[in-house]
Amino acid sequence: MSDSKVLRMELGENSYDIVIERGALNRVGELFDLDRKVMIVTDDGVPEEYADTVADFAAESTVFTVPHGESSKELGWCRAILTKMLDREFTRRDCVVAVGGGVVGDLAGFVASTYMRGVDFYSIPTTVLSQLDSSIGGKNGVNLNDIKNMVGTFYQPKKVVIDLDLLKTLTTRQLCNGLAEAVKASLTSDKELFELFENGDIKANIDEIVLRSLKVKKDVVEQDEKEQGLRRILNFGHTIGHAIESFEHLNGLYHGECVALGMIPMVSEELRPRLIKVLDKLDLPTSIGLDTDEVLNAILHDKKTDGTSVIVTTVDEPGHFEMKSIEYSDFRPLIEMVKK
């Protein structure tokens with residue numbers, strides 16, 4: 001995919017372009033309106049030259065670098081960035097640009113949505129996970145008391161630039177972590193993409209995988225921007241996955257690795273061996289040693305709960321999903337499926 005491709009997220013007055021182009025970072029001055037004050041949010045795991053390139057195009061720039069990892073997705077860091085914007089006299093005419101993975105995107109998006117009740121927000125995702133999933137759709141969240149994404153907003157970016165050349169610095173583990181979300185998209189919505197994972201050369205087809213995954217999410221978000229119904233399919237694998245992820249300090253797993261575990265109990269018995277084979281191919285985990293009661297307790301805090309049950313998505317065959325309500329007590333055998 002050497003040529004530029006543009007997907008248009010059609011959301012009425014909140015519509016925006018997703019530009020997919022190798023080398024696009026070097027022309028963000030054309031793609032974004034940076035002739036103003038620009039707050040660039042990044043983390044110390046992202047090559048400095050990425051943020052510096054954006055800064056070079058800005059009329060006036062501030063680069064705010066947070067520590068790499070989930071620990072930065074906290075209200076304290078939001079306050080620090082907002083305070084810096086206030087000190088630098090940012091106005092509602094100025095903007096925020098995220099340069100990094102999902103944590104940076106969530107943090108910067110939340111800041112943009114709340115500073116003076118909202119300033120323009122642009123995103124340059126730098127990981128597979130953020131490029132094919134979290135950078136589009138407008139969900140911005142930070143953690144509260146170790147509960148993931150407990151505080152957040154729906155706030156769409158003005159534009160997203162996806163430059164696949166930025167993935168060159170990622171480790172194999174980081175690449176595969178992001179591809180877990182593409183597997184998720186394929187299971188609920190794209191049978192051919194799942195078959196590509198089963199039978200194809202994944203690295204050779206990374207451009208197509210990212211594009212097809214983006215199209216799945218774009219289609220869902222356009223139909224259900226505020227997660228009133230259909231958009232819940234994007235949470236496939238996330239109920240148990242997020243619960244496991246809340247114990248990151250114990251297991252050290254990445255988000256996509258937790259989602260991989262969370263998908264296994266949510267597919268049919270017939271599909272499960274095929275999914276596990278794909279996860280093995282991607283070196284993603286298929287079992288973990290955690291206390292079942294602790295995971296159940298974490299599920300109690302799931303945002304999709306109604307107090308006694310949780311709405312989840314299940315998949316019986318690739319491209320065919322069903323939403324259902326599951327009682328808390330029924331999660332125990334599901335968790336046991338991925339317990340070492």
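**Entry 1: the cysteines**

I looked up Cys78, and at 2% relative accessibility it counts as buried (buried is under 20% relative accessible area, exposed over 50%, partly exposed in between, with a 1.4 Å probe and protein chains only). The model is predicted, so I note that local features need pLDDT of at least 70 and side-chain atom pairs pLDDT 80 or more, while totals for chains, interfaces and linings use all residues. Residues are numbered from 1 along each chain as its sequence is written, and side-chain values use heavy atoms, with hydrogens and water left out.

I then searched the whole structure for disulfides (pairs of cysteine sulfur atoms within 2.5 Å) and found zero. Cys78 is in no disulfide, and the nearest cysteine sulfur, that of Cys95, is 17 Å away. Cys95 is in no disulfide either. Cys95 is buried, with a relative accessible area of 0%.

**Entry 2: helix H13**

I took helix H13, residues 292-299 (helices are DSSP runs of H or I of at least four residues, strands are runs of E of at least two, and both are numbered from the N terminus). Which residues of H13 are buried? I listed Thr292, Val295, Leu296, Ala298 and Ile299. Seen down the axis, these buried residues fall within an arc of 160°, so they line one face of H13 (the arc is that of the directions from the helix axis to the C-beta atoms). An α-helix has 3.6 residues a turn, so residues three or four places apart point the same way.

The buried residues of H13 pack against helix H9 (238-245), strand E10 (309-317) and helix H14 (331-336) (contact means heavy atoms within 4.5 Å). At the N-terminal end of H13, Asp291 is the cap: a side-chain oxygen lies 3.0 Å from the backbone nitrogen of Asp293.

**Entry 3: the cores**

I looked at nonpolar cores (sets of buried Ala, Val, Leu, Ile, Met, Phe, Trp, Tyr and Cys residues joined through side-chain atoms within 4.5 Å). The largest has 70 residues, and among those that touch the most other members are Phe197, Ile299 and Phe331. Not counting residues up to four places away in sequence, Phe197 touches residues including Leu179, Ile202, Val278 and Leu282. A second, separate core of 22 residues includes Leu34, Val54, Tyr122 and Ile124.

**Entry 4: Ser135**

Where does Ser135 lie? I found Ser135 in the loop between helix H5 (128-134) and strand E7 (139-144). Ser135 is buried, at a relative accessible area of 9%.

Technical notes: Polar contact = N/O pair within 3.5 Å; in protein donor to acceptor, adjacent residues only side chain to side chain.
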